[in-house]
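Hi,

Here is the structure I promised to pass on. Have a look at it first, and my notes on pockets and aromatic rings follow below.

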Amino acid sequence: MVRLAAWSGWTMAAGSLLAAVGAEAATAKREAFGRLPDGTAIEAVVLSGSNGVSARVMTLGATLQSLNVPGRDGKVADITLGYDDAASYVTKPNFWGQTVGRYANRIRGGKFALDGKSYQLPLNDKTNSLHGGTKGFDKVIWKITEVKSGPRASVTMVMTSPAGDQGYPGTLQVTATYSLDDAGSLTIDLGAKSDAPTIVNLTNHALFDMAGEGSAGGIYAQKLTIPAKRYTPVDATLIPTGELKPVAGTVFDFTQGRIVGEGVRDGRDPQIVIGRGYDHNFALDKGATKDPQLAARLEDPVSGRVLEVLTTEPGVQFYSGNFLDGSLIGKSGHVYRMGDGIALEPQKFPDTPNQPAFGSARVEPGKPYHHIMVFRVSTAR
């Protein structure tokens with residue numbers, strides 16, 4: 001009887017422990033997310049942590065459709081711009097949370113060369129190719145291969161980009177894994193393997209408003225920190241000039257943190273005039289790293305919500321939503337205007353294939369591409 005009682009007590013204690021562990025575990029739930037205008041069904045996976053943070057990832061574009069984060073008052077808000085339905089991502093396209101590639105950002109004239117051979121990409125940004133061309137990875141329906149709950153809830157999606165897709169050489173097998181833990185870190189693990197030499201630069205193109213998407217004040221009162229002593233100035237077409245310019249003494253100095261609105265309209269800086277605000281790559285002090293390190297920190301002083309972006313890549317593109325003109329109606333019927341969202345895109349430098357001083361974007365058989373980025377959210381007290 002004593003042994004039975006002891007066993008029963010241990011069993012109850014173990015059961016309580018297991019229940020507590022289960023309560024702390026992050027969950028992944030697969031769900032339907034509407035249809036495209038042609039009737040194609042879109043799926044999504046909702047990743048939820050025990051601290052109130054949740055993310056929805058949809059198969060169209062391997063897109064971060066929402067990222068819900070509590071503020072210091074406990075109120076949860078979606079901090080990403082986008083649409084409430086899948087069809088709008090097709091009928092009213094914009095880069096809101098999608099996985100972009102093959103080459104994120106701009107390539108001058110849509111041209112590059114590999115091993116003495118020239119390649120021409122679609123020109124979808126005036127005279128340049130942007131985010132992979134007219135049908136980049138953001139417009140592809142990815143396939144879900146794994147959904148897991150546990151200490152880290154995750155979803156893995158895959159796609160194949162055939163040789164010649166948008167003018168790029170090599171057949172590319174691409175994987176995107178989103179995983180969320182109970183500490184508020186959403187990790188995006190991006191990988192690609194090619195059967196021939198090609199170029200690859202993948203990132204996520206979420207636009208953030210830490211006050212909550214569609215907030216009355218937008219992002220201008222939010223504080224941004226970027227640990228980069230240099231940035232890459234651009235020409236009139238937003239292609240880097242090749243210079244690595246010091247940020248010290250300019251409106252591009254975010255090393256100690258600054259309010260976004262302090263410099264976004266400073267017409268005395270010709271770079272702000274060219275970009276209609278910020279639309280520039282920052283050369284991170286850390287460079288390319290094996291493990292993700294800090295690329296940017298964004299804080300809303302009112303709600304206390306904080307976003308830290310970490311990456312293994314050497315650069316981060318800061319875009320202050322300059323081209324949002326009020327013509328697009330987003331989530332909850334919100335009209336998105338200039339300054340309603342910030343993109344912080346970890347990546348290789350723009351136009352790297354044409355500027356050897358920036359490094360290399362080359363991927364070839366036996367030498368796959370790998371990028372780990374993290375959106376880590378928290379609350380400042």
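β4 (63-70) and β5 (76-78) each supply at least two residues to the lining of the second largest pocket. This is a predicted model, by the way. That pocket has a volume of about 160 Å³, and its lining splits into 2 nonpolar, 5 polar and 5 charged residues. Among those lining the second largest pocket are Q65, S66, K75, D84, E213 and K331.

The largest pocket comes in at about 740 Å³. It has 34 lining residues, and R106, D125, L130, Y319 and F323 are the closest to its centre. Two elements give two or more residues to this lining, β25 (315-319) and β26 (325-329), with β26 giving the most, 4 residues. By type, the lining of the largest pocket has 13 nonpolar, 13 polar and 8 charged residues.

Now the rings: the count comes to 17 aromatic pairs. F208 and F375 pair edge-to-face, 5.0 Å centre to centre with 80° between the planes. This pair links distant parts of the chain, F208 in β17 and F375 in β30, 167 residues apart. Both F208 and F375 are buried. Y319 and F323, by contrast, are stacked, at 6.3 Å and 20°. Y319 counts as buried because its relative accessible area is 10%, under the 20% cut-off, whereas F323 is partly exposed at 38%.

There is also one aromatic cluster made of Y231, F252, F254, Y278, F282 and F318. The charged end of R258 sits over the ring of F254, 5.8 Å from its centre.

Cheers

Definitions and conventions:
Residues are numbered from 1 along each chain as its sequence is written. This is a predicted model: local features need pLDDT of at least 70, side-chain atom pairs count only at pLDDT 80 or more; totals for chains, interfaces and linings use all residues. Side-chain values use heavy atoms; hydrogens and water are left out. On a 1 Å grid over the protein atoms alone, a cavity is a set of points where a 1.4 Å probe fits but cannot get out, and a pocket is an open set with protein on both sides within 12 Å along at least five of seven lines; lining residues have an atom within 4 Å of a point. Grid points are joined across faces, edges and corners, and a volume is the space filled by probe spheres set on the points. Ala, Val, Leu, Ile, Met, Phe, Trp, Tyr, Cys and Pro count as nonpolar, Asp, Glu, Lys and Arg as charged, and the others, Gly among them, as polar. Rings of Phe, Tyr and Trp (its six-membered ring) pair if their centres lie within 6.5 Å; planes under 30 degrees apart count as stacked, over 60 as edge-to-face and the rest as tilted. Buried means under 20% relative accessible area, exposed over 50%, partly exposed in between (1.4 Å probe, protein chains only). A charge sits over a ring if NZ of Lys or CZ of Arg is within 6 Å of the ring centre and within 35 degrees of the ring normal.
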